[in-house]
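Have the model open as you read.

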Amino acid sequence: MQEFDAIYAEGGYFNLTVHPRVGYGSGSPARVAIVEKLIAYIKRHDGVRFAGMLETGAMVPETPGDWRRDWSGQ
């Protein structure tokens, strides 16, 4: 949640990747519960939108300037 909060505060892009495999992926019961809590938490924020990777990939060429960040600290 802290990672999302930091990115949200800057208007950035948060990418959540999960793997359904049980055992070492995101599919174990404990991990599923955490992912569910995270998604519920994220949904409470204004302006948040969920998109699959194909949709996200299609957006990048349309708005490349929106995906840049100046990391120089200036």
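Rings of Phe, Tyr and Trp (its six-membered ring) pair if their centres lie within 6.5 Å; planes under 30 degrees apart count as stacked, over 60 as edge-to-face and the rest as tilted. With that in hand, Phe-4, Tyr-8, Phe-14 and Tyr-41 form one aromatic cluster.

Before going on, keep in mind that this is a predicted model, where local features need pLDDT of at least 70, side-chain atom pairs count only at pLDDT 80 or more, and totals for chains, interfaces and linings use all residues. Residues are numbered from 1 along each chain as its sequence is written, and side-chain values use heavy atoms, with hydrogens and water left out.

**The aromatic pairs**

| Pair | Centre to centre | Angle between planes | Geometry |
|---|---|---|---|
| Phe-4 and Phe-14 | 5.6 Å | 85° | edge-to-face |
| Phe-4 and Tyr-41 | 6.2 Å | 85° | edge-to-face |

Phe-4 sits in helix α1 and Tyr-41 in helix α2, 37 residues apart, so to speak a link between distant parts of the chain. Phe-14 belongs to the loop between α1 and α2, 10 residues from Phe-4. Helices here are DSSP runs (H or I, at least four residues), as strands are (E, at least two), numbered from the N terminus.

How covered are these rings? Buried means under 20% relative accessible area, exposed over 50%, and partly exposed in between (1.4 Å probe, protein chains only). Phe-4 counts as buried at 5% relative accessibility, and Tyr-41 is buried too. Phe-14, at 25%, is partly exposed.

**Helix α2**

Leu-38, Tyr-41 and Ile-42 are the buried residues of α2. Seen down the axis, they fall within an arc of 95°, so they line one face of the helix; the arc is that of the directions from the helix axis to the C-beta atoms. On the other side, Pro-29, Glu-36, Lys-37 and Lys-43 are exposed. The cover over the buried residues of α2 includes α1 (2–9).

**The whole chain**

Stepping back, the protein chain has 3 helices and 0 strands, and buried residues make up 14% of its 74 residues.

Technical notes: Contact = heavy atoms within 4.5 Å.
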